[in-house]
Structure formats: C-alpha cells, structure tokens
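Hi,

Here is the structure I promised to pass on.

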Amino acid sequence: MSVEEGTANHGRLLGTVHGPQDVKRMTAEQLDILAAEIRDFLIAKVSRTGGHVGPNLGVVELTLAMHRVFDSPRDRLLFDTGHQAYVHKILTGRQEGFDKLRQRGGLSGYPSQAESEHDLIENSHASTALSYADGLAKAYALRGEKRSVVAVVGDGALTGGMCWEALNNIATAGNPLVIVVNDNGRSYSPTIGGLADHLSSLRLNPGYEKVLDTVKDALGNTPFVGKPMYEVLHAVKKGIKDAVAPQAMFEDLGIKYVGPVDGHDVPAVEAALRAAKNFGGPVIVHAVTRKGYGYRPAEDDEADCLHGPGAFDAETGKLLAVPSVKWTNVFADELVAIADERPDVVGITAAMAEPTGIATLARKYPERVYDVGIAEQHAATSAAGLAMGGLHPVVAVYATFLNRAFDQVLLDVAMHKLPVTFVLDRAGITGPDGPSHYGIWDMSVFGVVPGLRIAAPRDSATLREELREAVAVDDGPTILRFPTGTVAADLPAVRRVGPVDVLAESARTDVLLVAVGSFAGLGVEVATRVAEQGYGVTVVDPRWVRPVPAELVELAAGHRLVVTVEDGVRIGGVGSALAQAMRDADVRVPVKDLGVPADWHPHGSRAQILADLRLTAQDVARDVTGWISGLDAAPVDPAPNGARAQS
Ligand SMILES: Cc1ncc(C[n+]2csc(CCOP(=O)(O)OP(=O)(O)O)c2C)c(N)n1
C-alpha cells in the first residue's frame, strides 16, 4: 500500500471506531479497509511527532483480531514493552490524542492507565508482560473471576530472561492465559530455539509452507539475526530435531502451542485466538508478522524497520531533522579508535547495536562485538566472564536499562574487581519516552557499589578522554554516562585540580558550583549571572563523580556555599555524596544539591521537563543568588560588620 492509496480511503471507517465494540461488528472486507486506514493514520500522525511506527504497522491485524476475540477492558490485553500499543490506542477511543503523541500533555508512547481503562502495564522495559500475566491469571483464579488474560510479546522481548522465568511459572500454575508471540524476526536469541521447537508440530499444517516463506523473506535481510533463526526453522521443517536442542522444553513445561499463523490475516489470527481462549490453560499463539508492514520505507529500512524514528517525511520515510553530531557518535568513533590500539577491547550490546553506537565497532571488528539480546543482566555477568578471560569489555546500554543488572554489576563484576566499562547512553532526563525511560537513577543506584568509578563527561573532548581513562582502569568497573541528543560544544577547562576541571573562577570565592556532566555549560552561565549580583562563583566539573574526589572536598572548604547540579535523582546523587564526604572531612560549608526529584516525571521534551524542574540557568542563578545573599543576611558571624555588602 502506498501512502496515496491509503489516503484514498479517507479514514471513513476509522472515524466510526470509538471503542472495541465498533470493530467487533465489522465484516471481513471492512476489516481490510480499516487496517489500511489505520496504517494511513499511523504514518500520517507518527511522521509528524516521531514514534514507534515500524512495530505498530506490524501489529495492525493482530490488534484488530485481539479486540474482536476478547472483551477489553474486562479481559486484560497486556503489551510487552508497550511500544506496539498504538493500534490498541486507536481502537480504544484515543485517535485524537495522536496529534500530540509523546508530547507534553499529549498521548503517552506507551500504555497509560491515566489515559484509558484498557491499559494496564506502563513499564516500557521489555520482557515483563508474561510475569504480569502470570500474576493476573493467578489473582483472577483465586478470586473466582472469569476474565481472559492476553499478553503480546515480541520475539525480541522473548530474549529477556524474565520471559523464561514467567513461562516456567505459567506452565506450573496452568491457569488460562494466552501468550501471543509477535514474531517479526527482527531479533535473534537463544530462546528462538525454544519457540522453533513448536514448529515441529506444524509439519502437517498446509499453511506452514506459506508462513515459512514469509519468515524467510522477513529474515533473509536481517544481518546479525536472520540467518541462524531461519536455519533453525528450516531444520525443524526438515525434521532435523537435533538442530533444536531444547526440543522437549515446551512439551515438558506443558504449554499448548498454536501456530504459526500469518499475523496479517485477521480471520486466521482470530481463529487461533478463539481456540486459545477456549482451551482453559496456558496457550502460546505464534503469529508471524512483518515489522513496518504495508509501508515500503519501513519494510525496506535495513537498520530497524523504522523502529522508532523522530519526525519523518511520510512519502520517503526520511528523517526530517538535520543530522548533528550526537554523544553516541562521539563515543562510537572513539571506541573504534581505542579498539584499533587495544585488541583486548570488545563491545557488548543488549539488542541495541545501532542506538548505542556499538554497531560502528561491529562493522570494523564483527568478531569483537557480542549482541546478547534484551538481556542486560546477562550482558553484565558475561562481561565479567570476558574480563576474567583477559579482555576489557565495553557494555553499551541505555542508562535506564542498567538498573536491571544492579546485582550483576555489584557482585559479579565489582566484587571481583573486574575491569568492565559500562557506557550509559540517554542518561538523565530524556523526554518523549516518559518516566520509565529516564536515565536518572544510575548515579544514585550504582554510587553505592564499592570500587566502581563513575564519569560524567561534559562535551565531546571529555567524553573521549574519560572513555580512555575508563578503559585504562584495570582493577574494577567504571561507568561513563552521557545524555541523549546533540553533543555540547567543547568547553575547555581553565585549570585542573586532581581529576576536577575548573571551568570558571573569579577573585571572590563565594560559591563553589559543581556542575555535573552536561550541566557544565549551565554552570558557566549561572556564574556569569550570579557575578552580576556581585558574588564570585567557581564552576567545576568533577569529571569523575564517584568516588567523590578528595580535591572536590578541598575546593568546597575554600568557599562559603557549595551548590551541586546534576541530571539525576537527588537522593544518593552527586550532591548528597559530596555533602557526606564533606561531613566526613569536617568541612562545614552549607551544601545545596539541585537535581531531579525522585518522582515519576511525565513525558515531554527534555527542555520542558528541565524547565519544570527549575533546572535552567535562569532558575539556578536565581536560587544561588538567593542562597548566598541569605547567608550574608543571616546573623551567623558575630563579628561587627560581619555581613557582606552586596556590590
Ligand atoms: C530492558 C529493555 N532493554 C532494551 C529495550 C529497548 N527496546 C525497545 S523495543 C526493543 C526491541 C523489541 O523487539 P520485539 O519485542 O521483537 O518487538 P518489535 O519491536 O519487533 O515488535 C528493544 C531492544 C527495552 N525496552 N527494555
């Protein structure tokens, strides 16, 4: 379908859909037209706002069938990760909201209880839906409620270990529950072998050849992933059971398997879902879909089928934003430069090679990069093993996703004093993806890990420098964290004290402003504004924020007020750690720590959210001026004329 063909439908049927009941009434022909209109709608709207267009184009028919067979919200439809719930939103009365998708005050990019009674899981971290489903099914069984629980999970999300923990429990509990595997072949994983086992029961199914062709087409173009999975499927088809090692797993678990069905054939999916619904126990429905289906630029996009682009041209699928040098690019290029010099340096990604920049290393040194699937915990402990084996792994993940691997970083890596560098992209307030995607916990959570060093670069020069310092550490783990978007212009230091960069100073030493990472530029601007009120501000970038540099404590002792500003939660953050270090050293200078309150901050642009949190140069300058002038006014100095005049 081209965009023009789609627009010819004018969305007439879609305009009549206000809730799932309107879809239940439709004929097969109407459903075909509706599916085309939904694709049109998705492309038109998401091309303006940016968002997860590819995954949603792939689940149009699947979602239609789910809403026809089940009765949401009484029956519970759960979307793993939740990035593929746009069609569900469209069918549950939220079409108007798409004009402000992922924007401040507009629709969330994930399911949201505040938006609709049809939504339940808000967490955008993958591989959780089956565990929620297990719990819900148990609760309904115990309470005697007859409600279906349906979880949609992608083949990518199935690479996460939680899914397998859940399956184990779902099978044991035996409660009625439908697991829809949305298999678009866009990830590979060891778990695919488990799924493929069930294909063996399909050799007698006449539709199998057709579905297999679809799979082959979809997978053939997928570089890392496609081949092994296709080979497994093919081996099953030929009856080479040995090719799929965990053959007995699902049988032993006792989870019924239906499929594979063509996920773009509404009647076929409906039939499978009805069979699953009536079975009375846990059932896996294996639907084969194509990511980006029906929109050529997405289907043809080799990188990620337009998984989650920014605003794009609806005709061509090309991004509208002018390319800029991003933090990720600087990291990716420097990592390759380091890898050129250090054959022991290897990269790990948890299913995000392109977005984290590890793909750049993989293109040059494919044998030195490991894509572990959506398995951050495994990534950390596998990195521990690599380090034990004499290599220096660089694990590149989004800051929000490393939270999962806390125990692995703490005990498997740090307790063994292993040299592993964790590179956290999208640290701090990120924006449109909302509360579960913010990378605001890392400095607090990982700050408690003994022997772990954390660096927060402020620009491309310090990113390159600190990455080199990190991979030079050979007696423990390091974290390097930087935000999303365009990298800040280089901000050279005026001098360096130990690891600490002094970015600005004046004759007066009223305030020590500790500007962490990307807030360095803000710090310098604050100093200029506060200087206009007659106060002198020394602005420092600690570069390495954990452990707290002794030099930072010494600098603090030479000022009347210390102010910290960081792109992370205040509790346990850099400010609080510095205050503790100062107490330990008996440095009695007041500390004000600015950062992100520990709360659920709604989606919006990064700039809007920072403004809401009063983390702008103007607000910080106003606060700092107020605090330092307050110190002058306070009767703390018993000496006559102790109060300073404001100049
Ligand atoms: C714990 C975690 N790690 C990484 C991600 C980033 N992520 C979002 S969607 C996705 C791929 C999901 O693939 P799949 O489940 O097959 O869904 P598809 O987009 O193909 O429909 C990844 C890696 C995440 N959401 N959660």
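Which polar backbone atom is 2.7 Å from an oxygen atom of the ligand? That one belongs to Gly156, and the pair counts as a polar contact (N or O atoms within 3.5 Å; within protein, one must be able to donate a hydrogen and the other to accept it, and residues adjacent in sequence count only if both atoms are side-chain atoms).

Before the rest, two ground rules. This is a predicted model, in which local features need pLDDT of at least 70 and side-chain atom pairs count only at pLDDT 80 or more, while totals for chains, interfaces and linings use all residues. Residues are numbered from 1 along each chain as its sequence is written, and side-chain values use heavy atoms, with hydrogens and water left out.

**The ligand**

There are 20 residues around the ligand, and the ones that come nearest are His83, Gly156, Asn184, Lys291 and Glu376. On its own the ligand has 590 Å² of accessible area, and the protein covers 94% of that (Shrake-Rupley with a 1.4 Å probe; for residues, only the protein chains shown count as cover).

**The cores**

Next, the nonpolar cores, meaning sets of buried Ala, Val, Leu, Ile, Met, Phe, Trp, Tyr and Cys residues joined through side-chain atoms within 4.5 Å. Buried is under 20% relative accessible area, exposed is over 50%, and partly exposed is in between (1.4 Å probe, protein chains only). The largest core has 51 residues, and Leu34, Ile38, Leu42, Leu64, Val178, Leu273 and Val285 have the most contacts inside it. Helix α3 (residues 28–49) gives the most to this core, with 8 residues. Helices here are DSSP runs of H or I with at least four residues, strands are runs of E with at least two, and both are numbered from the N terminus. Apart from that core lies another one of 34 residues, including Val346, Val372, Val397 and Ile454.

Leaving aside neighbours within four places in sequence, Val178 is in contact (heavy atoms within 4.5 Å) with Phe70, Val149, Val150, Ala151, Leu273, Ala276, Lys277, Val283 and Val285.

**Helix α24**

Why do the buried residues of α24 lie on the same side? In this helix (residues 550–557), the buried ones are Leu552, Val553, Leu555 and Ala556. They share a side because they cover an arc of only 160 degrees around the axis, going by the directions from the helix axis to the C-beta atoms. Their packing partners are β13 (500–504), β14 (511–515), β15 (537–541), β17 (561–569) and α25 (574–584).

**Two buried polar residues**

Strand β17 also holds Asp567, which is buried at a relative accessible area of 1%. A polar atom of the Asp567 side chain lies 3.0 Å from the backbone nitrogen of Ile429. Beyond four places in sequence, the contacts of Asp567 include Gly439, Met443, Arg481, Ser518, Phe519 and Arg606.

His88, in helix α6 (residues 86–91), is buried too, with a relative accessible area of 0%. Outside its sequence neighbours within four places, His88 is in contact with Thr63, His67, Leu77, Phe79, Arg94, His118 and Asp119.

Most residues other than glycine have a negative phi, and most peptide bonds are trans. Here are some exceptions to look at:

- Ser72 to Pro73 is a cis peptide bond with omega near 10 degrees; Pro73 sits in the loop between α5 (60–69) and β1 (76–79).
- Gly259 and Pro260 are joined by a cis peptide bond with omega of about 0 degrees, and Pro260 is in strand β4 (residues 256–262).
- Ser127 is not a glycine but has a positive phi of about 75 degrees. Its place is the loop between α6 and α7 (129–143), and Ser127 is buried at 0% relative accessibility.
- Arg614 has a positive phi of about 60 degrees, again without being a glycine. This residue lies in the loop between α26 (606–612) and α27 (617–633) and is partly exposed, at 35%.

Cheers

Terms used
A residue is near a molecule or strand if one of its heavy atoms lies within 4 Å of it.
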